[in-house]
Amino acid sequence: MHKTLLLAGAVSGAIAVSLGAFGAHGLKQIVSAADVAVFQTGVQYQMYHTLALMLLAIVYERLPGKWITTSAYLFACGVLFFSGSLYLIIALKARGVSVPALVGLITPLGGLCFIIGWLCFLIGVLRKS
C-alpha cells in the first residue's frame, strides 16, 4: 500500500506542478485574474494533499490500518472532486460555456472529503499509539 501511495503522490505532484505552471503563465491570457486565483486554489489544495498522500505512505509503513487507508482514499477523492471541479469550472469559463450548477456542488463535496480524510488520519494515529 505504501508504494501505491508514493506512486499516486508522484503522479499527482507532477500534475499539480504542470497545472500550476499553466495557471501562472498561460491561463492569465484566457480568463480573468479572479478565475486564475480560483484555478490556483485548486492547484494549491492538490499539492497540499499530494504531500499528505506521501506522508500517509510513510505513516502506513509504521502504522498500517484501515483508518490510514481510508484517509488516503478520501484525500484522492478530495483532489478529484475539489481541485478537479475548480479546474473544470475554469476550463468551461475559458471556452465561454456556462457552468452547470452541479459542477459547483462537487467542490464542497471534495472539501468534505479532505476534512474527513484528516479526521481518519487522526483516528488512525490515535488508535495505534
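Reply: In this predicted model, helices α3 and α4 pack with their axes 7 Å apart, at an angle of about 160 degrees. An angle over 145 degrees counts as roughly antiparallel, and α3 and α4 are therefore described as roughly antiparallel to each other. Their crossing is left-handed. Sorted by class, the residues in the contact of α3 with α4 comprise 22 nonpolar, 10 polar and one charged.

These two helices belong to a chain with four helices and zero strands. In sequence order, the pattern of the chain reads α-α-α-α. Helix α1 covers residues 2–25, α2 covers residues 33–62 and α3 covers residues 66–94, while α4 covers residues 101–128. Along the principal axes, the C-alpha atoms of the chain occupy a box of roughly 50 × 25 × 20 Å. Of the 129 residues, 37% are buried. Among the contacts with a separation of 6 or more, 73% are accounted for by residues 24 or more positions apart.

The axes of α2 and α3 lie 9 Å apart, and the angle between the two helices is about 165 degrees. This angle makes α2 roughly antiparallel to α3. The crossing in which α2 passes α3 is left-handed. The contact of α2 with α3 has, by class, 17 nonpolar, seven polar and two charged residues.

Charged side chains deserve a separate word. In general, side chains of opposite charge can pair when their charged atoms come close. A search of the whole structure finds one salt bridge. In this salt bridge the side chain of lysine 93 meets that of aspartate 35, with 3.2 Å from N to O. The pair links distant parts of the chain, since lysine 93 is in α3 and aspartate 35 is in α2, 58 residues apart. Aspartate 35, by contrast, has a relative accessibility of 12% and so counts as buried, because the cut-off for a buried residue is under 20%.

The other partner of α2 to be considered is α4. Here the angle is about 20 degrees, and the axes are 12 Å apart. An angle under 35 degrees counts as roughly parallel, so α2 is roughly parallel to α4. Once again the crossing is left-handed where α2 passes α4. Which residues meet in this contact? On the side of α2 they are Tyr45, His49, Ala52, Leu55, Leu56 and Val59, and on the side of α4 they are Phe114, Trp118 and Phe121. By class, this contact of α2 with α4 has eight nonpolar residues, one polar residue and no charged residues.

Three individual residues, one in each of three helices, complete the account. Threonine 69 is located in α3. Its relative accessibility is 17%, so threonine 69 counts as buried. Leaving aside residues up to four places away in sequence, threonine 69 touches Met1 and Tyr60.

Glutamate 61 is placed in α2. With a relative accessible area of 54%, glutamate 61 is exposed, because the cut-off for an exposed residue is over 50%. Glutamate 61 and isoleucine 15 are 46 residues apart along the chain, and their C-alpha atoms are separated by 25 Å.

Serine 18 lies in helix α1. The relative accessible area of serine 18 is 49%, so this residue is partly exposed. Between the C-alpha atoms of serine 18 and leucine 56 there is a separation of 23 Å, the two residues being 38 apart along the chain.

To draw the packing together: α3 and α4 are roughly antiparallel, α2 is roughly antiparallel to α3, and α2 is roughly parallel to α4.

How values were computed:
Residues numbered from 1 in each chain as written. Predicted model: local features only at pLDDT ≥ 70, side-chain atom pairs only at ≥ 80, totals over all residues. Heavy atoms only, no water. Salt bridge = Lys/Arg side-chain N within 4 Å of Asp/Glu carboxyl O. Buried < 20%, exposed > 50% of the residue type's maximum accessible area, 1.4 Å probe, protein only. Axes fitted to C-alpha atoms, helices over the stretch in contact; angles between N-to-C directions. Parallel < 35°, antiparallel > 145°, perpendicular 65-115°, else oblique. Left-handed = near helix turned anticlockwise from the far one by under 90°. Nonpolar A, V, L, I, M, F, W, Y, C, P; charged D, E, K, R; others polar. Contact = heavy atoms within 4.5 Å.
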